[in-house]
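Here are my notes on this one, jotted down while going through the model. Have a look at it first, then read on.

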Amino acid sequence: MRFEYTPFPEDPEEMAWHRALCRLPLIATWSVLLIMGISVFAFPYLGAALIIAFLLFYVFRLAYYGLFLAVAFLRVLSEERSSWMERLRDLAATASPASRKKGGKSRFGNRIASLLHAQVVESCRPPAAPLPELERLLHLVIIPVANEDRKVYEPALRALAAGSLDPKRHMIVVLAVEARFTARVSAQAEAARREYRDAFRDFLVVSHPADLPGEVPGKGSNVGYAASTMTEYFLGHSLDPSDVVLTCIDADAVVGREYFACLSYYWLAEPDRVRCCFQPLPVFGNNIWKTNPLVRVIEMSATLLQMIDSTSVDTLVSFSCYSYGFSTLEQAGFWPPDVIGEDAAVFWKTFLHYGGDFRAIPLPVTVSMDAAEGRTFWKALGAAYRQKLRWAYGTENLAIVFRGLFRHNLVRGRRRRQAILKFTDNALAQATWPIILSVLIWLPQVQQVLAKGNLLPMNGLGTVTTVVLELSTIFLALMGLATGVFAFRGSRGIPAWRKALYPLEWLIVFPVASIVLGAAPAIHAQAKLAFRKAIIYVPMEKLRGETAGTAKWETENAVPGRT
Amino acid sequence: MLPHWRITRFRRWIFWCFAVLYAATLPIILLSAFGISRPGGPAVGRSAIPIYAPVADPVDRPIPEETAPMMSVLATGSSIRSAVLPQ
């Protein structure tokens, strides 16, 4: 029986497997929470032991995260100011960059960047296979537009047109609009095409028809439709799809001037470029100072988690804005049209298609996007909750991938184990950790009061809890300071006292935010999945231009040279 | 080797180091928290790391030789009392 990457398999037996696997995350989450909670009262020894085991695991995880967060920061901050065009020329000539840059600045970051570049150039020298020609490389950029106004994607187009890698030679832009929304959206897209067509090699507007069979309305079906139409375009224009790199960016995403030079650099240098995708670092920083502190810390924590993941090609998965070889996607069948979370879905679909021999390569450049916002505190919170619910609904991929792993044996060995670990960790960490750390670890104290302090075996737990919470506080403060690097970039005009309070927001707000915008939407999504309640894709409301500070953001983030 | 592969290999190595370290530390912390690792063997009802009852554990204090008989008498008296008197 053939495996299909869909949440609606036609075979009844396959469907039964799928339904059972959909319930797995919810069962696992509640099992963890209930076993820990009940055992504290029913079996105090066991309860204390479980909580101590978790807290120790949490401390090790913090240390592990902290170490690789430092590595990721070192890499991104060292490399983001590099001249990627210059590096591309080095790569083509396989020149020795380390010796050439000796006379340059001796800043520590520059030295790290030179060292990394030297490693890349060295790996491309013979006997390595010859690199593809840069002149033949073509970037296809798809921007999905649902009901967004032109002023939302205008900065994205402007940033693409200002790219250092000649967009007139190397870039085709596609605005993928949804026909189900108003004619105004299509008219605005056409107007944008007329204005920008000379800035790129080509500029197309592809309208995705509504209600196509087998599709769920969402970004995945829209982008997949646009990409599939491009196959004919390349045939018609005698272009080789294996020279095309497809980049999918959100309508509100602004790439740096050197972004495509960096992408081209890693595309050329990666020997196994057909079996990988490329993932920049998404920073939800466009409007970060316009939203409320709860949303701010959660959005920034998403960037941090992505940074940590970027230190391992074993765990990184495409997220939000990403690039794939066109022929790679074409062979894998593009995006699954009936899965809501399209970014992870396209990764896992391709992963299964290539039997696990597929990875996401981190790019040391950032892409700036919008954080959830609203006209009032509660509307912003609601928008953020719906966004996190949609992200958490990505657990849908667990059931499909596990079907491919366990029922069809599509992947074996290390990559199989890594995928299982990744899904298990993702499903449990977001849903259970905030609740354990905020509620369950205090239950032994309640138990002590109820038992009138007679059960002393739990005494040691107090010390462990105190030490762990102190370490967590230090880690949170460090996270606040670290994310300040990104948060303060778009903060021109923000009073100094607000910036000074930013690390404090992490200490005060994060514990609440991790439950309200972390555990709650995660469990909600798991419940929806378990009880077969689909979520409807609602594009996030963008308030660009409606509140003060927007113009400031547009000019700041579209600065040429920032990557 | 490309930089992301070097970092990945380093991370794989650190992952296993942390896993081994965790597996080695957990029993020590558990035994310590339950007061089992102390000299003198298992002691149910005591903890090596008292928090909720931070007062010194009477079992831990060395009992001077001259007061030991008195302690014994008190303990015996307490036992008789609890046996005789209605609870």
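1. The core. The largest nonpolar core holds 160 residues, and the ones touching the most other members are Ile142(A), Ile143(A) and Val174(A). Helix 19 of chain A puts in the largest share of this core, with 11 residues. Keep in mind that this is a predicted model.

2. Around Ile143(A). Leaving out residues up to four places away in sequence, Ile143(A) touches Tyr153(A), Ala156(A), Val173(A), Leu175(A), Ala176(A), Ile249(A) and Ala251(A).

3. Strands 1 and 2. Strand 1 of chain A covers residues 138–145 and runs parallel to strand 2, residues 171–178, with 7 bridges joining the two. One pairing to look up in the viewer: Leu140(A) stands opposite Ile172(A) of strand 2.

4. The sheet as a whole. In what order do the strands of the open sheet in chain A come? Reading across, the 8 strands go 3-2-1-4-7-6-8-5, and the pairing is mixed. Strand 3 (202–208) and strand 5 (254–255) of chain A stand at the edges with a single partner strand each, so each has one side without a neighbour in the sheet.

5. Overall build. Chain A has 20 helices and 8 strands. Its radius of gyration is 24 Å, close to the 24 Å that the globule rule gives for 563 residues, so chain A is as compact as a globular protein of that length. Along the principal axes, the C-alpha atoms fill a box of roughly 80 × 65 × 55 Å.

6. Packing and contacts. Of the 563 residues in chain A, 49% are buried. Take the contacts in chain A between residues at least 6 apart in sequence: 83% of them join residues at least 24 apart.

7. Helix 1, shape. Helix 1 of chain A runs over residues 12–42, which makes 31 residues. From first C-alpha to last, helix 1 reaches 42 Å, close to the 45 Å expected at 1.5 Å a residue. Where does helix 1 of chain A bend? The bend, about 30 degrees, is at Leu24(A), and a proline, Pro25(A), follows within four residues.

8. Helix 1, buried side. The buried residues of helix 1 in chain A are His18(A), Cys22(A), Pro25(A), Leu26(A), Thr29(A), Met36(A) and Val40(A). As a reminder, an α-helix has 3.6 residues a turn, so residues three or four places apart point the same way. What covers the buried residues of helix 1 of chain A? The cover includes helix 2 (44–79), helix 15 (396–407), helix 16 (413–438), helix 17 (443–450) and helix 19 (496–530) of chain A.

Note on methods:
Residues numbered from 1 in each chain as written. Chains lettered and ligands numbered in written order. Predicted model: local features only at pLDDT ≥ 70, side-chain atom pairs only at ≥ 80, totals over all residues. Expected span 1.5 Å × (residues − 1). Bend = angle between axes of the 7 residues up to and from the residue. Buried ≥ 20, exposed ≤ 12 C-beta atoms within 10 Å, placed from the backbone. Contact = placed C-beta atoms within 7 Å. Core = buried A, V, L, I, M, F, W, Y, C linked by C-beta atoms within 7 Å. Rg over C-alpha atoms; globule rule 2.2 N^0.38 Å. Pairing = 2+ DSSP bridges.
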